[in-house]
Amino acid sequence: MILSEKIMILRKQKGWSQEQLAERLEVSRQAVSKWESGVSLR
């Protein structure tokens, strides 16, 4: 399993939206979206 898949799976298991995860990590929702799509892992 690649990191982008793991991020999405764990987020969905918690029932969190990308916005909610972003708030908890203090990053933008766009950053979470990029992580999940594999565009950026920074």
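Visitor: Hi! Why does Arg11 count as buried?
Guide: Arg11 has 9% relative accessibility, so it counts as buried; buried means under 20% relative accessible area, exposed over 50% and partly exposed in between, with a 1.4 Å probe and protein chains only. This is a predicted model, where local features need pLDDT of at least 70, side-chain atom pairs count only at pLDDT 80 or more, and totals for chains, interfaces and linings use all residues. Residues are numbered from 1 along each chain as its sequence is written, and side-chain values use heavy atoms, leaving out hydrogens and water.

Visitor: Thanks! Which helix does Arg11 lie in?
Guide: Arg11 is part of helix α1. Helices (H or I, at least four residues) and strands (E, at least two) are DSSP runs, numbered from the N terminus.

Visitor: And what does Arg11 touch?
Guide: Leaving aside residues up to four places away in sequence, Arg11 touches Trp16, Ser17, Gln18, Leu21 and Glu36. Contact means heavy atoms within 4.5 Å.

Visitor: Which residues make up the largest nonpolar core?
Guide: There are 6 residues in all: Ile7, Leu21, Ala22, Ala31, Val32 and Trp35. A nonpolar core is a set of buried Ala, Val, Leu, Ile, Met, Phe, Trp, Tyr and Cys residues joined through side-chain atoms within 4.5 Å.

Visitor: Which helices supply at least two residues of this core?
Guide: Those are α2 (18–25) and α3 (29–37). The largest share, 3 residues, comes from α3.

Visitor: Is Ala31 buried or exposed?
Guide: Ala31 counts as buried, at 18% relative accessibility, and is found in helix α3.

Visitor: Back to α2. Which of its residues are buried?
Guide: They are Gln18, Leu21 and Ala22. Seen down the axis of α2, these buried residues fall within an arc of 100°, so they line one face of the helix. The arc is that of the directions from the helix axis to the C-beta atoms.

Visitor: What covers them?
Guide: The cover includes α1 (3–14) and α3.

Visitor: New topic: what lies over the face of Trp16?
Guide: That's Arg24, at 4.0 Å from the ring centre. A charge sits over a ring if NZ of Lys or CZ of Arg is within 6 Å of the ring centre and within 35 degrees of the ring normal.

Visitor: Last one: what follows α2?
Guide: Glu26 does, and its phi is positive, near 60°.
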